[in-house]
Amino acid sequence: MSDSFRAMMITDVEGKPKAGFADITQADLPEHEVLVEIAYSTLNYKDGLALSGKGRIARRRPMVAGIDLAGTVVDSSSPDWVPGDKVVVNGWGLSETEWGGYSRYQRLKPQWLTRLPAEFTAQQAMAIGTAGYTAALCVDALERWGAIRPGGGEVLVTGAAGGVGSTAISLLAAKGYTVTAATGRPETHDYLAGLGASGFVARTDLAEPGGALQKERWAGAVDSVGSTTLANVLAQTSYGGAVAACGLAGGMDLPASVAPHILRGIALLGIDSVMAPQDKRARAWALLAAHLDKAKLDTIARVEPMSNLPQLAEDIVAGRIRGRVVIDVT
Ligand code: NDP
C-alpha cells in the first residue's frame, strides 16, 4: 500500500504554478470514498493550458493534473460502487480544484463516476475523453433543440482537426448528417474526409469580421473556436438553426450581433462538460456507444507515455495536435 507511483503534479515554485513529475503513495491521495486504479488519461486543450502554465487551471496546489481518467474501482465505501467496476470520469473540477487523472491511482467522490459503457475499453473511453464527450454533448443539444436531422441541411464543425472537432465529425457522419469541416490545416483534409466530412471551409474564411446576417448555409454547427469565428457561424446559420458553442481555441470574446437570433430565430446553445449533470453525461456516452465508429476512433487517437506530457502540452496549446492523445499512466 505504501508503494509509490508517479503523478504529474502542479506545485508552486517561487509563487508560480509549475508542472513536474512527483512520486506519491495512496496515503497522499484525497480522502474521498472511491479508490480507482487508473488505466489511461488523456490530453485535452485545458490540460495543455494547465501543464504549460499558459492558463491558470489548477486553483489549488499541489494538484495532480489531468481532467479525465478511466480505470477500475479497487476500494469503495460507497454503496454505489464496488471493486471491479469499470468507470470513467470527465471534469468535475479534476485538475482545477480536485486531484485528477495523471496518476496510477486516484480517490474520487462517488457522484463523479460514470459507468464505462460496455462498448468501450478504458483506452477507447480516453480516446474519446472530455473532448469527445463534449462533442457528444454538442450533438445531443443540437438534436434536442430540433435544429438538425439526418439527411437535413449541412452541419458545420469548426476546429475540425482538433479533439472536439474530430469526434463531432465522426459522430455526426455516423448518424447520417452531411458534415462540413472548418480547419486551418488543409493537410488534414484526407483525415477529416476519412472521418466523414464531405465539405471544407478554410479557417481564415471565418476569421475576419463579416456581416451580421450572411448567406444561410448551416442547419446547425458545433463550434470549438469562439470569437469572430462563432460570430460568423451564427450569421451563416439557416433560419431556425442552432449553434452549440463549447470552445475558445480562437478567443474568448464574441463580437456578434443579435440579428441572427431575433431575425432568424437562431439559438446559441452553451455547452459545459465540467459540471454537466449525470443525465446529460449518460445521454452523451450512450450516443457515443451507439454511433461512434470504433475503427474511426482508432484513427483519431494515439497512445503516449506520461513522460511525454510536457512536450504534448506545448503542442496542443500551439494547435499542433491532430485528433486525440491517450495518456498511458502506468
Ligand atoms: P484541440 O487543440 O484539440 O483543438 C482545437 C482546434 O481549434 C485546433 O485543432 C484547430 O483546428 C482550431 N484552432 C486552434 N487555434 C485556433 C485559432 N487561433 N483560431 C481558430 N481555430 C483554432 O482542443 P480540443 O478539441 O480539446 O478543445 C477545443 C476547444 O474546446 C478548446 O477551447 C477547449 O478549451 C474547449 N473545450 C470546452 C469544453 C467545455 O466543457 N465547454 C470541453 C472540452 C473542450 P484546425 O487545425 O482544424 O483549424
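# Exercises on a predicted model

Of the 32 residues around the ligand, those that come nearest are G159, G162, T183, G247 and G250, where a residue is near a molecule or strand if its C-beta atom, placed from the backbone, lies within 6 Å of it. The elements that give two or more residues to this shell are helix 1 (45–52), helix 2 (122–145) and helix 3 (163–174); helices (H or I, at least four residues) and strands (E, at least two) are DSSP runs, numbered from the N terminus.

This is a predicted model, in which local features need pLDDT of at least 70 and side-chain atom pairs count only at pLDDT 80 or more, while totals for chains, interfaces and linings use all residues. Residues are numbered from 1 along each chain as its sequence is written.

**Exercise 1.** Describe the shell around the ligand by residue class and by domain.

*Solution.* Begin with the classes: the residues of the shell divide into 13 nonpolar, 15 polar and four charged, where Ala, Val, Leu, Ile, Met, Phe, Trp, Tyr, Cys and Pro count as nonpolar, Asp, Glu, Lys and Arg as charged, and the others, Gly among them, as polar. Next take the domains, whose bounds come from an automatic or database domain assignment: the protein is divided into domain 1 (5–116 + 297–328) and domain 2 (131–270), and the shell draws at least three residues from each of them.

**Exercise 2.** Describe how domain 1 and domain 2 are placed and how they meet.

*Solution.* The centres of domain 1 and domain 2, taken over C-alpha atoms, are separated by 29 Å. The contact between them takes eight residues from domain 1 and twelve residues from domain 2, two residues being in contact if their C-beta atoms, placed from the backbone, lie within 7 Å. On the side of domain 1 that touches domain 2 there are two nonpolar, four polar and two charged residues.

**Exercise 3.** Work out the surroundings of I38.

*Solution.* First locate I38, which has its place in strand 3 (residues 34–43). Then consider burial: I38 counts as buried because it has 27 C-beta neighbours inside 10 Å, the rule being that a residue is buried if 20 or more other C-beta atoms lie within 10 Å of its own, exposed if 12 or fewer, and partly exposed in between, with C-beta atoms placed from the backbone. Leaving aside neighbours within four places in sequence, the contacts of I38 include L69, G71, Y105 and V329. R104 is also in contact with I38, and the C-alpha atoms of I38 and R104, 66 residues apart along the chain, are separated by 5.2 Å.
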